[in-house]
Amino acid sequence: METYDKAKAARVWQRVQGETAANPTQGLTGMIAEEWADAAIYLSLSRRVQGNAAAALRKMGQEEQAHMACLKGIYTLQGAGRPDVPPPPPVDNAPVQVILRRCYGREMRCLAQYESRADHPEYGQIFARMAQQEREHCRQILELLGNLPGDK
């Protein structure tokens, strides 16, 4: 039986991980689906609230749609064709506060994904810009939650 060369194994894993980091389409379909779901949620919630909250949620929904389009563009430019992403599930009728709490967690996950890709040589600036917008969405969600009356 051959002996296990730890140094060689480390070099192989480093190369494999480097290839994964260099491939911006890795995990992109999941990110597209997440952005699509977020856009649907924000647009749905914008119809359940009024005033500035409705306007903020509509804007966030539009920004999530733009993120989805950018991610699809990256996917397409990488020669992977058009991504096959199923439509998001219907938005549930839970209280607005409950849905916004879930959205905060989703935004944090997207933020982490974009930040981890911000050093990509070709698309890094795009990922960094989307991370900045996700950070702002987190702030807006907290503001919305703070301004919601009672237990909505």
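**Ground rules.** I worked on a predicted model, where local features need pLDDT of at least 70, side-chain atom pairs count only at pLDDT 80 or more, and totals for chains, interfaces and linings use all residues. Residues are numbered from 1 along each chain as its sequence is written, and side-chain values use heavy atoms, without hydrogens and water.

**Helix pair.** I looked up how α2 (residues 28–46) and α4 (residues 96–117) pack: the angle is about 150° and the axes are 11 Å apart. Helices here are DSSP runs (H or I, at least four residues), numbered from the N terminus. Axes are lines fitted to C-alpha atoms over the stretch in contact, with angles from 0 to 180 degrees between N-to-C directions. I then listed the contact residues (heavy atoms within 4.5 Å); among them are Met 31 and Ile 41 of α2 and Ile 99 and Cys 103 of α4.

**Salt bridges.** I searched the whole structure and found eight salt bridges (a side-chain nitrogen of Lys or Arg within 4 Å of a carboxyl oxygen of Asp or Glu). Glu 34 and Arg 109 form one at 3.4 Å, N to O. Glu 34 lies in α2 and Arg 109 in α4, so this pair ties together parts 75 residues apart in sequence. I also noted a network of salt bridges linking Glu 34, Asp 38, Arg 106 and Arg 109.

Next I checked Arg 139 and Glu 136, whose side chains meet at 2.6 Å, N to O. Both lie in helix α5 (residues 124–147), three residues apart, so about one helical turn separates them.

Definitions and conventions
Helix = DSSP H or I, 4+ residues; strand = E, 2+ residues; numbered from the N terminus.
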